Amino acid sequence: MAIKSIKATDRELEEWFRKIKTGEIKLPRFQRYEAWDRKRISSILSVAVNNLPLGITLVLNVGEEVKFVDRYLESAPETNGRVTEHLLDGQQRLTAFWRMMHNNYEWETYFVYVPEFDNVDDSLHFDEITGYCQTRWPNKDRKFPLWADKPNECFNRGLLPSNLLKPGDIQVEIDDWIDAALQSEKIDENDVDYAKSLKEYFSNKEKLKAKIVELREIISHYNLPFLALPETTPKETALNVFINMNTNSKPLSLYDIIVAEVEGKKGESLHDLENDIDVIYPKIKNYFELSGLILMTSALLQDKIPNQKGMLEMDKSVMIEKWDKLVYGLKEMAIFMESQGIYDKQRLPTNAVLAVIASLYTHIPESGDKRGALELILKKYIWRAFFTERYENSTASRAFGDYKIIKNIFNNVNKENGNKYKLEDVPVFSNEYKIVDKEELKIVKWPKGENVLGRAILAITNYLGAYDFADGQRVSREHLQKREYHHIYPDALLKEAEIDSFLALNCSLITNTTNRSIGRKDPLTYLEERYNWTSKDVVNHRLKSHVIQIDELANGGYEGLTEDEKNEKIKNDFEKFIDKRASLISKAI
């Protein structure tokens, strides 16, 4: 349907506020939530008080038929009044104006800085009137800094709270604030210069009043022009205009676009569906952003590559029809990953396997021998993915390639020649992708960053329990919060011998308390300290859960050696330790 040429219409901020207050203007549910940070919000306040243009908004006129499920702007009153407009573009601006003019952000308070009122030496000292945000923080049930709630201290800094400028009749609020702001200037009747001081007080009061009136006039009559789509505009046309015209400084994400498409086709809120998953299965998001997992898994369930192209191409109606399958797959994926000793995204070697696992679980029975057999394939798949080069590049297309063949194996699908698919037909299991060997393991770098092999080495120890050296606690999702990346051979000791300590094979996850107690002690010293607290067998069991061989670790005795002798011994001890641990990790793989 062609739409007649639309021209921008002027509308003052006071009128926008009236419509928000009465509930005449609302947001389509598919709109994302607040995305602007305090810097951006302060910036539009500066623009407005200096009466500079801000851009055009877009609304859809609402007639008898309300095309979209809607919601109120953040913190706007829920009036249940008749909706006349849906705000398609400009919600970040209007939400910021509304909340800023009511100063109802929890941890930010907004002001207009007026240089002529600034009497503090170390204050802001901008050259012109500007918007300013003061961040707040809690301390003993109070909001700090305390001065931000004290009119006299704000005024002394040249700061006028932005809520004094909100359109509407708030004269009592303004008068109360002015009286409190000038409290320190009130005159003692016994003052010898009483008449002069009184004159100065009223002069300052009138000057402050005049400035507030001036700023309120600017804000109240500030023009936010808009384009209006007629109420006869088809739903899908309105959505396309929304997607194409979005003018936010933070562009629409792929997820934002798909949210809009799902709303248009199925009348379902993807935000609400996502929130339901998060409430029921909160562990899923430990591995990756939930919205991303939803899109990648949905693409695979429709045999699409889990990349941007595949996600845009997938049928959004089918996506919703398969929603229960999607939820089941994601839930099972999280349970499976935890069973493999992988608890969070920080320790996950590659996120490319997540959607594959979730999608494949929709082809696995809920119980029985077949489930056990197929889960064994999943285990082989993820560890092979971690310890080959398969997922170093082009991860989405490679995940898709592996998924297709494993799905055929799960469903007993035959090849074109009539033969069954076998595990070696899956690319990740082919001879093209060799499992990393011992010598490669020895040079893998520290696992804290996004290092697939480094994290994979650490994942093996977590799978085996990674019991803490000192308190003996097994690693878990909760216990990981207390763990730190520990140099088995201390960094300080190796630095003295000019040896790189940041190798994955020199890393273990232990509690922060244990890490602090070890410090730069050589391995022999801290092992002997552990033996004083518990038996040698218990300590050895804990070390073996980290794939650490006790004989190669029990080194030390560097006292009394010359510098050269000491460095040579450290080098030899460390090389033997790394070599032995590489052999053990290789065997574990």
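## Basis of the description

Because the model is predicted, local features need pLDDT of at least 70 and side-chain atom pairs count only at pLDDT 80 or more, while totals for chains, interfaces and linings use all residues. Residues are numbered from 1 along each chain as its sequence is written, and side-chain values use heavy atoms, with hydrogens and water left out.

## Overall form

The protein chain holds 25 helices and 12 strands, where helices (H or I, at least four residues) and strands (E, at least two) are DSSP runs numbered from the N terminus. Its radius of gyration is 32 Å, well over the 25 Å that the globule rule gives for 589 residues, so the chain is more spread out than a compact globule; this radius is taken over C-alpha atoms, and the rule is 2.2 Å times the number of residues to the power 0.38. Along the principal axes, the C-alpha trace spans about 90 × 75 × 35 Å.

Buried residues make up 51% of the 589 residues, with buried meaning under 20% relative accessible area, exposed over 50%, and partly exposed in between (1.4 Å probe, protein chains only). Of the contacts (heavy atoms within 4.5 Å) with a separation of 6 or more, 74% are between residues 24 or more positions apart.

## The nonpolar cores

A nonpolar core is a set of buried Ala, Val, Leu, Ile, Met, Phe, Trp, Tyr and Cys residues joined through side-chain atoms within 4.5 Å. The largest one has 108 residues, of which Trp 323, Met 333, Tyr 381 and Phe 387 touch the most other members. Helix α14 gives the largest share of this core, nine residues. A second, separate core of 55 residues includes Val 59, Leu 87, Cys 133 and Leu 208.

Leaving aside residues up to four places away in sequence, Tyr 381 touches Val 353, Val 356, Ile 357, Tyr 391, Asp 402, Ile 406, Val 428 and Phe 429.

## Helix α16

Among the buried residues of α16 are Phe 400, Asp 402, Tyr 403, Ile 406 and Phe 410, and what covers the buried residues includes α10 (290-301), α14 (352-361) and α15 (369-386). After the helix comes Asn 412, whose phi is positive, near 55°.

## Salt bridges

The count comes to 32 salt bridges, each being a side-chain nitrogen of Lys or Arg within 4 Å of a carboxyl oxygen of Asp or Glu. In one of them the side chains of Asp 179 and Lys 205 meet at 3.1 Å, N to O, and this pair links distant parts of the chain, with Asp 179 in helix α5 (residues 171-181) and Lys 205 in helix α6 (residues 194-220), 26 residues apart. Asp 179 is partly exposed at 28% relative accessible area, whereas Lys 205 is buried at 15%.

Arg 347 forms a salt bridge with Asp 344, their closest N and O atoms being 2.6 Å apart; Arg 347 counts as buried at 12% relative accessibility, and Asp 344 counts as buried at 8%. Elsewhere, salt bridges that share partners join Glu 15, Arg 18, Lys 19 and Glu 24 into one network.
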